[in-house]
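Here is a short report for a reader meeting this structure for the first time. Please look over the sequence and the fold before reading on.

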Amino acid sequence: MGILGRIILLVCDISPRHGSVNADQEDIIISVKKFGDVFIFSYLCRMNKKEKLIKRFRTLPRDFTFDEVVTLFQGCGFTLENKGSTSGSRVKFYNESDQNAYIMHKPHPSNIIKGYMMRDILNYLLKNNYIK
């Protein structure tokens with residue numbers, strides 16, 4: 001073993017649970033413990049709900065719901081609008097600050113978003129710099 005010994009890295013994801021933590025604040029807590037010649041570094045990263053939803057969305061899960069898409073777009077500054085009384089399941093997400101819009105159909109009969117639509121939404125949000 002080298003001078004520093006072995007290094008063990010633990011990465012954990014925790015969510016703020018109580019009112020004492022600001023949910024919009026990004027915190028990283030680092031602790032270092034030494035056990036003999038082993039150093040243990042612990043990182044606890046608090047992510048807010050928007051960051052967690054984006055992280056989940058980027059994995060293109062097969063169980064992502066329309067309600068989660070609405071929350072995702074709202075977190076990026078969009079509002080949900082119906083296209084009119086004859087629009088059927090068509091909805092529009094509109095961002096007033098940059099006048100950008102995304103139009104899609106609500107999934108039916110299930111509330112689960114199809115894979116091709118997930119990829120399309122992800123490409124749209126990345127291309128227009130709403131998510132990184």
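**Ground rules**

This is a predicted model, where local features need pLDDT of at least 70, side-chain atom pairs count only at pLDDT 80 or more, and totals for chains, interfaces and linings use all residues. Residues are numbered from 1 along each chain as its sequence is written, and side-chain values use heavy atoms, with hydrogens and water left out.

**The chain as a whole**

The chain holds three helices and six strands. Helices (H or I, at least four residues) and strands (E, at least two) are DSSP runs, numbered from the N terminus. Read from that end, the order is β-β-β-α-α-β-β-β-α.

Of the 132 residues in the chain, 30% are buried. Buried means under 20% relative accessible area, exposed means over 50%, and partly exposed lies in between (1.4 Å probe, protein chains only). The accessible surface of the chain is about 9,300 Å², and carbon and sulfur atoms hold 53% of that. Accessible areas come from the Shrake-Rupley method with a 1.4 Å probe; for residues, only the protein chains shown count as cover.

Contact means heavy atoms within 4.5 Å. Among contacts between residues at least 6 apart in sequence, 48% join residues at least 24 apart.

**Confidence**

pLDDT is the predictor's confidence in each residue, from 0 to 100. The chain averages 78, and 71% of the residues score at least 70. Helix 3 has the highest confidence, at 96, while strand 1 (residues 6-14) has the lowest, at a mean of 45. Over residues 1-26 the pLDDT is below 50, and this stretch has 42 contacts in the model beyond near neighbours in sequence. Where pLDDT is low, the predicted coordinates should not be read in detail.

**Helix 1**

Which residues of helix 1 are buried? They are Leu 53, Ile 54 and Phe 57. Seen down the helix axis, the buried residues of helix 1 fall within an arc of 100°, so they line one face. The arc is that of the directions from the helix axis to the C-beta atoms. An α-helix has 3.6 residues a turn, so residues three or four places apart point the same way. The buried residues of helix 1 pack against helix 2 and helix 3 (115-127).

Both ends of helix 1 deserve a look. Asn 48 caps the N-terminal end, with a side-chain oxygen 3.2 Å from the backbone nitrogen of Lys 50. Leu 60 follows helix 1 and has a positive phi, near 50°.

**Salt bridges**

A salt bridge is a side-chain nitrogen of Lys or Arg within 4 Å of a carboxyl oxygen of Asp or Glu. By this rule there are three.

| Asp 63 | Arg 56 | 3.2 Å |

Glu 81 is partly exposed, at 30% relative accessible area. Shared partners join Arg 56, Asp 63 and Glu 68 into one network. Asp 63 is partly exposed at 44%, and Arg 56 is partly exposed at 27%. Glu 68 sits in helix 2 (residues 66-75) and Arg 56 in helix 1 (residues 49-58), twelve residues apart.

**Around Ser 97**

Ser 97 is in the loop between strand 5 and strand 6 (100-105). Is Ser 97 buried or exposed? Ser 97 is exposed, with a relative accessible area of 70%. Its side chain makes a polar contact with that of Asn 95 (2.6 Å). A polar contact is a pair of N or O atoms within 3.5 Å; within protein, one must be able to donate a hydrogen and the other to accept it, and residues adjacent in sequence count only if both atoms are side-chain atoms. Asn 95 is found in strand 5 and is buried, at 2%.

**Backbone details**

The peptide bond from His 108 to Pro 109 is cis, with omega near 5°. Pro 109 is in the loop between strand 6 and helix 3.
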